[in-house]
Amino acid sequence: MSLDFTPLFDSWRFLLGGLGLTLGLSALTIVFSIVLGGALGLARCYGPAWLRWPLVFYIDSMRSIPVLVVLIWTYFALPVVTGVTLPPFWAATLALTAHISAYVAEIIRAGINSVRAGQERAAFALGMSRYRAIRDIILPQALVRMLPALGSILSITIKDTAIAAVIAVPEYMNRSQTVAGQSFHPIEVFIVAMIVYFAILFPVTRAVDMIYARYAYLGRS
Amino acid sequence: MSYDWSVVWRHADLLWEGTKVTIFLAVTTMIIAVPGGIVLALMRLSGIRILAAASATFVEFFRNLPLILVIYTAYYILPVATGLRFSPIATAIVALSLNVSAYNGETFRAGIASIRKGQSEAGYALGMSRTRVMFEIVLPQAVRRVLPVLASTWVSLFKDTSLVSVISVGDLAFESMRVRSQTFRVLEMLTAMAVIYWLLGYPQAKLVDWINKRYRVNE
Amino acid sequence: MIETQAKPGRGESGSVPTVSYHEIRKRFGTFEALAGVSMEIYHGEVVCLIGPSGSGKSTLLRCTNGLETMDSGDIKLDGKSMPKDWNGMRGVRQRMGMVFQNFELFPHKTALGNVMAGPIGVLGKPRKEAEQRAMDLLRKVGLVDKAYSYPAQLSGGQQQRVAIARALAMDPEIMLFDEPTSALDPETIGEVLNVMKQLALEGMTMVVVTHEMAFARRVGNWIVVMDRGAIVEQGRPEQIFDAPAKDRTRDFFSHLGWSG
């Protein structure tokens, strides 16, 4: 099997643009997911009872449906219902955020619950208000415990952006497919794609491991 | 805009075929990937440098790649690398198995490592060999301990099977989208696809929650 | 002091010690756990290793059955040097029984299953024979009615007694106890010590790392006081407890609040 990487040399700018979109889509999705997921998670823990069921339903539903399905539905079916057609990039952002924020919400909930009972009692015994107890005592500890899970969400998000290729978002995966199709050297193109994604994802997982190892003692009981 | 939801019922048999393929893919992959994960974990913990390095490399490699990329790459590489003809579904199973084995490898490694050293020592103190200690004392406990994680992995796998639709494997996603292309009933078919996945996935997610509650480790 | 079957004069009749340690050294990183320990253990003796935490008592015990490897030195069993490799040590381990501070029962097996684990897995005994013997041993430690219970259903004292039965099932020549009662509630310590006393009366050679001074005084034949990886002094219980020769021994007892 002889490999010919030259088509890649010709298309590197094209592919680089795709990479930029991968990173951009990942970053946007993460930020929105943390905000939305954080809100959902806090609402789940501290919100009014009537809100609980719809939240649980939403979160569990997003955990049950594949990302691909959410992406495709958002891009193709949502316009039919709402009359609004989102460009692929924003459809992907919306779909990925909707999906990943559910996981973030679950992580927040698990993190808060793992700290809660004894610490809450101690805080109230000191005369703290509910708001302060949550802000100063519960959340900081919960945050440390959530770090590894949140880190893996970062990794999952970057991987999920590759699925957005299916709805014509011109990120790296999509562009690789284009180059592969045009150059008739798919193997070389995808080998490079694997190297590129690995080069992005490996440091992310390592960094998360290291950060957690550094700060884990803060969250230990 | 008029919707024609009957298109779903009219093509129910195709959707059912797709569902069967989805389930088949998930089950087959797990059957391969659970022993695969155990083997990888044992290699990693074996103390033989080459095996440990090979296992660690394999696990890190597949955990840091998007599954969709692995599927595409497998589609192009497998026939060339092995000289054999691979059906799309075989390609799918290879890609999925490699991917999930890597995750299970890490799962089992962490599970085995979480068993107290004293348990192995008690086995050694009785004169047991390292092999016996691993297979009779440590692994049985480790498997029990990682059951909740394996259950979560199963649920993820079930959803990830949808990705094989990109190489034209006739799973639920592929069949749903094919009917959509043929009938132009976009909203109906895509919603049906989402709903069916939801009907399949929701109980599984709830089951995983229940398993997590029940098997919470009290150490 | 109860009458165990140890000979009054240690090694006087020229008998070979069951276990002899010669200049055992062991480091963990920069920490010197054992700084050249030498001593003998004779057949039928109950030797109690006492001393502050970190003095090397447990390390010495664990070197005896190879769970720790020593950096230098030699341990002889019945006059023959013990093998230095892991697989060679397996044979030695089968002749010794060990009881751990945390019991370390196998949680996925019943009490009976635990006691049978050695004979079936290591000695290859047929199931019926192993089961009969296991039942006898459980009866001996007073837990035959708990044979089919799982460790999680047993109290600490019960688990430790099962652990003793599990070690005895291998018909060991010597029993090693690593702080057997340190993890127990005070109410259950007695039931375990009683089993150990019974074993001593039957003539089992025992090495016990313990903080239970009353037990050491009443059941022990030979007391070894360790501190910072070395033996401070060793002798008969009456001498060590009533008239310790070394200041460090006296210090140790005073810190325990022990006044005899």
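**Figure 1. Where chain A meets chain B.** In this predicted model, 37 residues of chain A are in contact with 37 residues of chain B, contact meaning heavy atoms within 4.5 Å. The size of an interface is often given as the accessible area lost when the parts come together. For chain A and chain B, that buried area is about 3,400 Å², with 75% of it on carbon and sulfur atoms. Buried area here is the accessible area (1.4 Å probe) that two parts lose on being put together, summed over both.

**Figure 2. A salt bridge between chain A and chain B.** How many salt bridges does the rule find across this interface? There are three between chain A and chain B. A salt bridge is a side-chain nitrogen of Lys or Arg within 4 Å of a carboxyl oxygen of Asp or Glu. One of them joins the side chains of R63(A) and D209(B), with 3.3 Å from N to O.

**Figure 3. Where chain B meets chain C.** Here 20 residues from chain B touch 24 residues from chain C. Together the two chains bury about 1,800 Å², and carbon and sulfur atoms give 58% of that area. Which residues of chain B lose the most area to chain C? They are E121(B), A125(B) and L126(B), which together make up 31% of what that side buries.

**Figure 4. A closer look at E121(B).** Besides losing area to chain C, E121(B) forms a salt bridge with R62(C), side chain to side chain, at 2.7 Å from N to O. Between chain B and chain C the count of salt bridges is three.

**Figure 5. Chain B on its own.** The C-alpha atoms of chain B fill a box of roughly 75 × 45 × 25 Å along the principal axes. Of its 219 residues, 52% count as buried, that is, under 20% relative accessible area (1.4 Å probe, protein chains only).

**Notes on the figures.** Residues are numbered from 1 along each chain as its sequence is written, and chains are lettered from A and ligands numbered from 1 in the order in which they are written. In this predicted model, local features need pLDDT of at least 70, side-chain atom pairs count only at pLDDT 80 or more, and totals for chains, interfaces and linings use all residues, while side-chain values use heavy atoms, leaving out hydrogens and water.

Key: Buried < 20%, exposed > 50% of the residue type's maximum accessible area, 1.4 Å probe, protein only.
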